[in-house]
Amino acid sequence: MSEKDNTVNIHSEKNRYHHGDLRSALIEEGLKLIDTGPADALSLREIARNAGVSATAVYRHFPDKAALLGALCLEGHARMAKAFEAAMASASPGVEAFNAMGRAYVTFALAHPSLFRLMMAQPDGPVPVPPPSPGGGGSDGMQILVNAIDGLFGPDAPAHVREAGRLRAWSLVHGLAMLMLDGQVPAEPALIDAVVDASVL
C-alpha cells in the first residue's frame, strides 16, 4: 500500500478515533492544514490521511469540501470570539477592553491568515450567523462587539449610533488586518496599538 493511499487498516482507525469524536478530529486536522496554505488547496483525502482514517469515514461527516469549509469557518469564529474574551478579560472595562478586542481581531487574522480569509469570504457564501442584538447573550464575536459598543455608548444611545459605531470599529480593524495580510503596511504590534484606538471613534 502506498503512503498516500486513502485507506488504513481498521485496527488503526478504531484505535485513533472512537465514541463519535472523529468529526472534531477532522476539523482539527483541517485547521492545522489551513494554517499552512490557502483554503482552496485543502484536500479531504489529505485530512483523512493525517487523521489516520479512510476517505470514506470523512464523507460520513462532511459530504463535500464545502461542508468542511463551513465547519472550519464556524470553528474559526468561535476561536476568534474566545480570543476577544481573553483579551478583554485582561483589560479594564470600557475603552481599554474595547481596544484589546480590536488588537485581538488583527492578531488573530495575522496568526491564521488563510482561515481568516475563509471566514470573511467563503466561496459559496458566508456562514449564516444569527444577527447580533443590543444586550444579547452568547459568545459570537459580533455579539461581543455589539455588547462592547453598547458599553461605550451607553444603553440609551440611539440604535443608529450603536450600529454606526459597530461598523466603524469593524471596518477599522478589518481594514488594518487586510492591509497587513496583503503586505501593504508592516504587521507590527506598535502599529496595531496606534491604529486600534477607540478614543478616536
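Glu75 counts as partly exposed, because its relative accessibility is 25% (buried means under 20% relative accessible area, exposed over 50%, partly exposed in between, with a 1.4 Å probe and protein chains only). The residue belongs to helix H5 (helices are DSSP runs of H or I with at least four residues, strands are E runs of at least two, and both are numbered from the N terminus). Glu75 touches Ile27 and Leu31, not counting residues up to four places away in sequence (contact means heavy atoms within 4.5 Å). Glu75 and Leu31 stand 44 residues apart in sequence. Their C-alpha atoms are 8.8 Å apart in space.

The model is predicted, with local features needing pLDDT of at least 70 and side-chain atom pairs counting only at pLDDT 80 or more, while totals for chains, interfaces and linings use all residues. Residues are numbered from 1 along each chain as its sequence is written, and side-chain values use heavy atoms, with hydrogens and water left out.

The secondary structure comprises 10 helices and 0 strands. Along the sequence, the pattern reads α-α-α-α-α-α-α-α-α-α. The chain has 201 residues, and 40% of them are buried. Among contacts with a separation of 6 or more, 66% join residues 24 or more positions apart.

The largest nonpolar core has 53 residues (a nonpolar core is a set of buried Ala, Val, Leu, Ile, Met, Phe, Trp, Tyr and Cys residues joined through side-chain atoms within 4.5 Å). Within this core, Leu26, Val53, Leu72 and Met101 have the most contacts. At least two core residues come from each of H2 (22–34), H3 (44–51), H4 (55–61), H5 (65–89), H6 (95–111), H7 (113–120), H8 and H9. H5 gives the largest share, 10 residues. In soluble globular proteins, nonpolar side chains tend to be buried together.

Met101 touches Phe84, Met88, Ile144, Leu145 and Ala148, again not counting residues up to four places away in sequence. Ala148 is found in helix H8. Ala148 is buried, with a relative accessible area of 11%. Leaving aside neighbours within four places in sequence, Ala148 is in contact with Met88, Phe98 and Met101. Ala148 and Met88 are 60 residues apart along the chain, and their C-alpha atoms are separated by 9.7 Å.

The pairing of H5 with H8 also includes Ala148 and Met88. The axes of H5 and H8 come within 8 Å and cross at roughly 35 degrees (axes are lines fitted to C-alpha atoms, for helices over the stretch in contact, and angles run from 0 to 180 degrees between N-to-C directions). H5 passes H8 in a left-handed crossing (a crossing is left-handed if the near helix is turned anticlockwise from the far one by less than a right angle, and right-handed if clockwise). On the H5 side, Ala81, Phe84, Glu85 and Met88 take part; they meet Gly141, Ile144 and Ala148 of H8. This contact has 5 nonpolar, 1 polar and 1 charged residues (Ala, Val, Leu, Ile, Met, Phe, Trp, Tyr, Cys and Pro count as nonpolar, Asp, Glu, Lys and Arg as charged, and the others, Gly among them, as polar).

H8 (residues 141–153) also packs with H9 (residues 159–181). Their angle is about 120 degrees, and their axes are 9 Å apart. H8 and H9 are therefore oblique to each other (angles under 35 degrees count as roughly parallel, over 145 as roughly antiparallel, 65 to 115 as roughly perpendicular and the rest as oblique). The crossing of H8 with H9 is right-handed. Met142, Leu145, Val146, Ile149, Asp150 and Phe153 in H8 meet Val161, Arg162, Gly165, Arg166, Ala169 and Trp170 in H9. By class, the H8 and H9 contact has 8 nonpolar, 1 polar and 3 charged residues.

H6 and H7 pack at about 115 degrees, with their axes 5 Å apart. That makes H6 roughly perpendicular to H7. Tyr105, Phe108, Ala109, Leu110 and Ala111 in H6 meet Pro113, Leu115, Phe116, Met119 and Met120 in H7. The residues of this contact divide into 10 nonpolar, no polar and no charged.

Ser114 also lies in H7. Ser114 is buried, with a relative accessible area of 16%. Apart from neighbours within four places in sequence, Ser114 is in contact with Ile34, Gly37, Pro38 and Ala39.
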